[in-house]
Amino acid sequence: MRIFGTGLPLLQRIRRKIARMRQGRLETFPLYSPFVRGKRGLEIGGPSGSFEKASFCPVYEEIACLDNCDFSQSTVWAEHSESFRFHENKAPGNTLFCDGSALVEVQNATYDVLLSAHNLEHFANPVKALREWQRVLKPSGALVLVLPNYKMTFDHLRMPTKVDHMMEDFEKNTGEEDLTHLPEILDKHDLAMDPPSGTKQEFQKRSESNYLNRCLHHHVFDEHNSRELLSRVGFDVLAVELAAPFHICLLARMK
């Protein structure tokens, strides 16, 4: 799942692609390469422009093989098939259709690296998702995580979610049908920065059916609470870097 869908006007999508190309690679990208080059990976909610050749974190160029997980074959962002094509010159991987926090078909310690771009914020229980991602990673495995920098998105009127709150959601076993944050979202979501959401009434209707579409940003991130969250869940955070126009990029590994 991505922060902005394909409903954006074509010109706006082109401008954002140009911005990604001008961004260049992350300064910390050399740290990423050893964890992805020639490795077997799983992406949650792919494919993502954040990982393409011309983007700031071009891991698709280096990874050997990649499977994908999405909650449905048909989402707001894309139509998915059982074959996951992430690179024109590489064999496609497989697509799992399940919640990213319940990878029941995947055995423990299966993957070398897990990728997620603009996805974790859509989980009502992000700690549960992260724990599940740890389960399917090998002991030496890594997480490549891209989150929306709330200051530069339609979430800018909200405040970053406290990590204590996310940990409490895990302890309470909060489900993906949860709408605890809906009143705040309806009040502070900047619709002017999110044209695909439509009118206030259309946005509310879509949001109330979030379990079916998974569009809500339950939680709001900056570079500080994202690092803290990964650390408290048990990752060793190796790099945190902001990338234009609205990305927080984190590299972490299993301890």
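Guide: Gladly, and let me begin with a definition: contact means heavy atoms within 4.5 Å. The model here is predicted. Helix 3 lies across strand 1, strand 5, strand 6, strand 7 and strand 8, and runs at about 145° to strand 6.

Visitor: Which residues make the contact of helix 3 with helix 4?
Guide: Helix 3 brings Pro-126, Val-127, Lys-128 and Arg-131, while helix 4 brings Met-166, Met-167 and Phe-170. By class, the residues of this contact divide into 5 nonpolar, no polar and 2 charged. Lys and Arg count as charged, whereas Pro, Val, Met and Phe count as nonpolar.

Visitor: What makes strand 3 and strand 7 edge strands of the sheet?
Guide: Look at the order of the open sheet, which has 8 strands: 3-4-2-1-5-6-8-7, with mixed pairing. Strand 3 (83-84) and strand 7 (235-243) each have a single partner strand, so one side of each is left without a neighbour in the sheet.

Visitor: How do you know that strand 3 and strand 4 pair?
Guide: Pairing needs at least two bridges between the strands. Strand 3 and strand 4 (residues 93-97) are joined by 2 bridges and run antiparallel, so they meet the requirement of at least two. In one of these positions, Phe-84 has Gly-93 of strand 4 as its bridge partner.

Visitor: Which way do the partners of strand 5 run, parallel or antiparallel?
Guide: Strand 1 (residues 40-44) runs parallel to strand 5, with 4 bridges joining them. Strand 6 (residues 137-148) is also parallel to strand 5, through 6 bridges. To find these pairings on screen, look for Gly-41 opposite Val-113 in strand 5, and for Leu-115 opposite Val-144 in strand 6.

Visitor: What makes strand 5 "mostly covered"?
Guide: The word buried is given to a residue under 20% relative accessible area. Strand 5 (residues 111-117) has 7 of its 7 residues buried.

Visitor: Which elements make a β-α-β unit with strand 5, and what is its hand?
Guide: Strand 5, helix 3 and strand 6 make the unit, and it is right-handed. The test is to point the strands away from you: a path from the first strand over the helix to the second that runs clockwise is right-handed.

Visitor: Where does helix 2 lie, and which of its residues are buried?
Guide: Helix 2 (residues 29-36) lies across strand 5, strand 6, strand 7 and strand 8 (247-254), at about 45° to strand 8. Its buried residues are Phe-29, Tyr-32, Ser-33, Phe-35 and Val-36. They pack against strand 5, strand 6, strand 7 and strand 8. Just after helix 2, Gly-38 takes a positive phi of about 70°.

Visitor: Why is Ala-109 called partly exposed but Asn-173 exposed?
Guide: Ala-109 has 36%, so it is partly exposed; Asn-173 has 52%, so it is exposed. Ala-109 has a positive phi of about 55° although it is not a glycine, and Asn-173 likewise has a positive phi of about 55° without being a glycine. Ala-109 sits in the loop between strand 4 and strand 5, and Asn-173 in the loop between helix 4 and helix 5 (182-188).

Visitor: And why is Ser-226 called buried?
Guide: Its relative accessible area is 1%, so Ser-226 is buried, the cut-off being under 20%. Ser-226 lies in helix 8 (residues 223-233). Leaving aside residues up to four places away in sequence, Ser-226 touches Leu-147, Phe-221, Ile-248 and Leu-250.

Visitor: Which peptide bonds are cis?
Guide: Among them are the bond from Gly-46 to Pro-47, with omega near -5°, and the bond from Ala-244 to Pro-245, with omega near -5°. Pro-47 is in the loop between strand 1 and strand 2 (65-70), and Pro-245 is in the loop between strand 7 and strand 8.

Methods:
Residues numbered from 1 in each chain as written. Predicted model: local features only at pLDDT ≥ 70, side-chain atom pairs only at ≥ 80, totals over all residues. Heavy atoms only, no water. Buried < 20%, exposed > 50% of the residue type's maximum accessible area, 1.4 Å probe, protein only. Axes fitted to C-alpha atoms, helices over the stretch in contact; angles between N-to-C directions.
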